[in-house]
Amino acid sequence: MERNNEFLKYVPIFSDLGEDQLDKIARVGVYRSFKKDSVVLFEHEDGAGLFIIAKGKVKVSRYSDDGREVILAVLHESDIFGEMSILDGYSRSATVSATEDSELFLIKRDDFLGLLKNHHDVVISMLQELTRRLRAADMKIKALSMKDAEGKIATVLIQLADEIGKIKHGQVEIEKLPYQHDIANMAGTSRETISRTLHTFAKKGFVELDGSGLRILNYEKFKEAYI
Ligand code: CMP
């Protein structure tokens, strides 16, 4: 199938590369299609390549011994994953599954390492992305150490607002929230608690619920109240 490589331009780690370099990347990578709910890579596998999301959405999860899922992150178009095991040489740190039918662009380990060796701009952008993820992980550690559900769930909403929200006049619109079951796995609570707490936020005037979407009415105030 003929694919359009335009999306490579919008991948933050490639933002400083010119057309020629993007063309080169387009030639070394291959596309892989994944159906909704299929696993892209398993925790503990060897890391053979870096994935870029050309279309769709994935979740990054780890599972406890009794099978409970904790969602570490939800990644979208132009996001990358699979870099950790390439960089440190250990096995995959988490399981990644498609949450929508997805088109992924796969760059083999050696090609990606070659790219890093030859392009300092890509290395710096990569460090920025890893730093952003570390900040998000720090925020999550803090949230999980909080005792009350409101704090945990507010932290997940703030994370989603930063990742997929559209900000306008101090309000943040999240058009399509993940399923409540998935939000629960991100926050470390139950689905029932998510439903109850979202309504508490609405009653307190922090959010408006709108079908599968949500609006945070005063984003700064919401952050002040819960972070
Ligand atoms: P890797 O360990 O090769 O395979 C699993 C991938 O999930 C990992 O690389 C990262 O790309 C991604 N990943 C793991 N933990 C997180 C996290 N906390 N936030 C975002 N992405 C993550």
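Trainee: Which elements each supply at least two residues of the shell around the ligand?
Mentor: Strand 5 and helix 2 each do so, where strands (E, at least two residues) and helices (H or I, at least four) are DSSP runs numbered from the N terminus. The model is predicted, with pLDDT of at least 70 needed for local features and 80 or more for side-chain atom pairs, while totals for chains, interfaces and linings use all residues. Residues are numbered from 1 along each chain, and side-chain values use heavy atoms, without hydrogens or water.

Trainee: And which element gives the most to that shell?
Mentor: Helix 2 does, with 3 residues.

Trainee: Which residues come nearest to the ligand?
Mentor: Of the 14 residues around the ligand (a heavy atom within 4 Å), the nearest are Gly82, Glu83, Ser85, Arg92 and Ser93.

Trainee: What does Ser85 place by the ligand?
Mentor: Ser85 has a polar side-chain atom 2.5 Å from a ligand oxygen atom, a polar contact (N or O atoms within 3.5 Å).

Trainee: Where do backbone atoms of Gly82 and Met84 lie?
Mentor: For Gly82, a backbone N or O atom lies 2.8 Å from an oxygen atom of the ligand. For Met84, a backbone N or O atom lies 3.3 Å from a ligand oxygen atom.

Trainee: Another topic: how much of the ligand's accessible area does the protein cover?
Mentor: The ligand on its own has 460 Å² of accessible area (Shrake-Rupley, 1.4 Å probe), and the protein covers 91% of that area.

Notes
Polar contact = N/O pair within 3.5 Å; in protein donor to acceptor, adjacent residues only side chain to side chain.
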